[in-house]
Amino acid sequence: MKNTGRVTKKISVFNIVNALIMILLTLAFILPFWLIVTASLSSNSVLMREGFSIFFRGFTFAGYKFLFSIGDAFLRALAVTVAVAAAGTAISVFGCAWAAFALSNKKLVGRKFFNVFFMIPMFFSGGTIPTYLVIRGIGLYDTIWALILPGSIGAYNILLLRNYFYGLSPALGEAAQLDGANDFQQIWHVYTPLALPMMFTVGMVTFVGKWNSWLPSVLYLEATHTSLQLVQHVLKQMIDNMQAFYSSRASGSVANAPLTSARNAGIVIVILPLILISPILQKYFVNGITAGAEKG
């Protein structure tokens with residue numbers, strides 16, 4: 001009985017310490033973003049005079065109003081980023097799933113070679129300059145496809161899905177084949193519904209990567225082609241040189257414009273979609289990573 005009491009006491013102390021650590025880590029992660037939110041909804045003059053605070057001071061939407069009133073550059077970049085992230089995610093999910101299904105099929109000729117071939121890019125990369133030359137060479141330079149296609153099909157995601165398909169019973173495909181289903185019908189009607197957690201995982205990782213991407217706007221687009229710039233790149237320009245950015249697009253003087261509030265409003269708008277979808281897809285993400293890490 002004494003030993004049981006000691007174990008219970010140790011577990012209780014561990015739980016308390018663990019809870020305190022989790023609370024501190026949560027505050028450390030949330031506090032910076034909360035400061036940005038309060039700054040985006042606070043008076044610009046107060047921010048300039050007193051700095052950031054965890055409380056709203058002079059609550060106002062002036063930063064958001066000004067951000068959307070200076071022109072369509074930010075909104076256009078936001079729309080382009082949504083389209084690029086959505087298209088890249090769709091290509092990644094279905095492309096990786098089909099490649100993984102083929103690699104998991106024991107009847108595939110040269111399956112061992114292709115498995116090794118897909119593992120090589122996980123350890124070796126051509127680098128930025130060869131990738132740039134390939135983009136120019138195949139005619140994708142200065143088009144929206146240069147923002148969508150690079151990085152959409154990842155070797156890691158293919159192998160993750162392949163391991164998931166390894167864990168499924170071959171009898172499922174054999175039964176569908178007896179019913180007259182071809183390979184495409186098998187993956188679409190049989191394996192895809194079973195692989196939804198893994199596909200959500202791949203989709204979430206790809207979407208976050210595409211949404212946060214800004215370098216392709218610099219590498220694969222002409223500097224004068226502003227209609228295809230990604231929102232992260234536009235936001236970076238705004239933060240680096242807010243006064244010049246607004247002066248070139250706003251009518252009249254911007255000397256009294258809420259520049260600090262607008263900077264933070266832009267950051268909130270860009271980060272908010274990721275915060276909204278993360279809790280929804282978190283369950284699928286955890287289940288998918290766990291399942292894909294196991295080989296059946």
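**Close-up views of helix packing in a predicted model**

**View 1. Helices α4 and α11.** The crossing of α4 and α11 is right-handed, as seen in this predicted model. Helix α4 covers residues 73-104 and helix α11 covers residues 196-211, and the two pack at an angle of about 145 degrees with their axes 8 Å apart. On the α4 side, the residues that meet α11 include Leu78, Val82, Ala85, Gly88, Ser92 and Phe94, while the α11 side of the contact includes Met199, Val202, Gly203, Phe207, Lys210 and Trp211. Sorted by class, the residues of this contact between α4 and α11 are 11 nonpolar, six polar and one charged.

**View 2. Helices α9 and α10.** Helix α9, made of residues 170-178, and helix α10, made of residues 183-194, have axes that come within 10 Å and cross at roughly 150 degrees, which makes α9 roughly antiparallel to α10. The crossing of α9 and α10 is right-handed. From α9, the residues Pro170, Leu172, Gly173, Ala176 and Gln177 meet Gln186, Val190, Tyr191 and Leu194 of α10, and this contact has six nonpolar and three polar residues but no charged ones.

**View 3. Helix α8.** The 12 residues of helix α8, numbered 155-166, reach 16 Å from the first C-alpha to the last, which is close to the 16 Å expected at 1.5 Å a residue. Because 11 of these 12 residues are buried, α8 is largely enclosed by the rest of the structure. Among the buried residues of α8 are Ala155, Ile158, Leu159, Leu160 and Leu161, together with Asn157, Arg162, Asn163 and Tyr164.

How values were computed:
Residues are numbered from 1 along each chain as its sequence is written. This is a predicted model: local features need pLDDT of at least 70, side-chain atom pairs count only at pLDDT 80 or more; totals for chains, interfaces and linings use all residues. Side-chain values use heavy atoms; hydrogens and water are left out. Axes are lines fitted to C-alpha atoms, for helices over the stretch in contact, and angles run from 0 to 180 degrees between N-to-C directions. Helices (H or I, at least four residues) and strands (E, at least two) are DSSP runs, numbered from the N terminus. Angles under 35 degrees count as roughly parallel, over 145 as roughly antiparallel, 65 to 115 as roughly perpendicular and the rest as oblique. A crossing is left-handed if the near helix is turned anticlockwise from the far one by less than a right angle, and right-handed if clockwise. Contact means heavy atoms within 4.5 Å. Ala, Val, Leu, Ile, Met, Phe, Trp, Tyr, Cys and Pro count as nonpolar, Asp, Glu, Lys and Arg as charged, and the others, Gly among them, as polar. The expected span of a helix is 1.5 Å times one less than its number of residues. Buried means under 20% relative accessible area, exposed over 50%, partly exposed in between (1.4 Å probe, protein chains only).
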